[in-house]
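Here is my note for your first reading of this model, written as numbered points. Please keep the sequence and the 3D view open as you go through it.

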Amino acid sequence: MYMKIEIDQENCIGCGSCSALAPETFAMNDDGKAEVKNQEGSSDEDTLEAAKSCPVSVIHLTNEEDKKIYPED
Ligand code: SF4
């Protein structure tokens with residue numbers, strides 16, 4: 001499945017959950033914020049789990065039609 005992964009970095013609290021669950025997709029930067037290191041790094045399943053694990057829901061996933069996959073409205 002194609003997914004575009006975006007992080008609202010300003011509101012990331014640096015918990016590290018996303019990079020722990022999908023380490024090939026997410027990494028923590030020097031400011032202690034998560035960033036996308038590879039859009040196609042981890043499996044879609046792991047990336048979705050990582051997004052769901054974010055305590056502040058700042059990981060946004062969209063499909064090729066620009067439709068939201070997560071979080072749902
Ligand atoms: S799970 Fe959310 S709050 Fe935690 S590091 Fe990742 S983006 Fe930031």
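**Notes on loops and backbone geometry**

1. Glycine 16 sits in the loop between strand 1 (4-7) and helix 1 (17-21), where helices (H or I, at least four residues) and strands (E, at least two) are DSSP runs, numbered from the N terminus. Glycine 16 counts as exposed because it has 12 C-beta neighbours inside 10 Å; a residue is buried if 20 or more other C-beta atoms lie within 10 Å of its own, exposed if 12 or fewer, and partly exposed in between, with C-beta atoms placed from the backbone. From C-alpha to C-alpha, glycine 16 and glutamate 64 are 27 Å apart in space, and in sequence they are 48 residues apart.

2. This is a predicted model, in which local features need pLDDT of at least 70 and side-chain atom pairs count only at pLDDT 80 or more, while totals for chains, interfaces and linings use all residues. Residues are numbered from 1 along each chain as its sequence is written.

3. Most residues other than glycine have a negative phi, and most peptide bonds are trans. Serine 57, however, has a positive phi near 50°, and it lies in the loop between helix 2 (44-53) and strand 4 (59-62). Serine 57 is partly exposed, because 13 other C-beta atoms lie within 10 Å.

4. Aspartate 66, in the loop between strand 4 and strand 5, also has a positive phi, near 65°. With 7 other C-beta atoms within 10 Å, aspartate 66 is exposed.

5. Tyrosine 70 and proline 71 are joined by a cis peptide bond, with omega about -10°, and proline 71 is placed in the segment after strand 5 (68-70).
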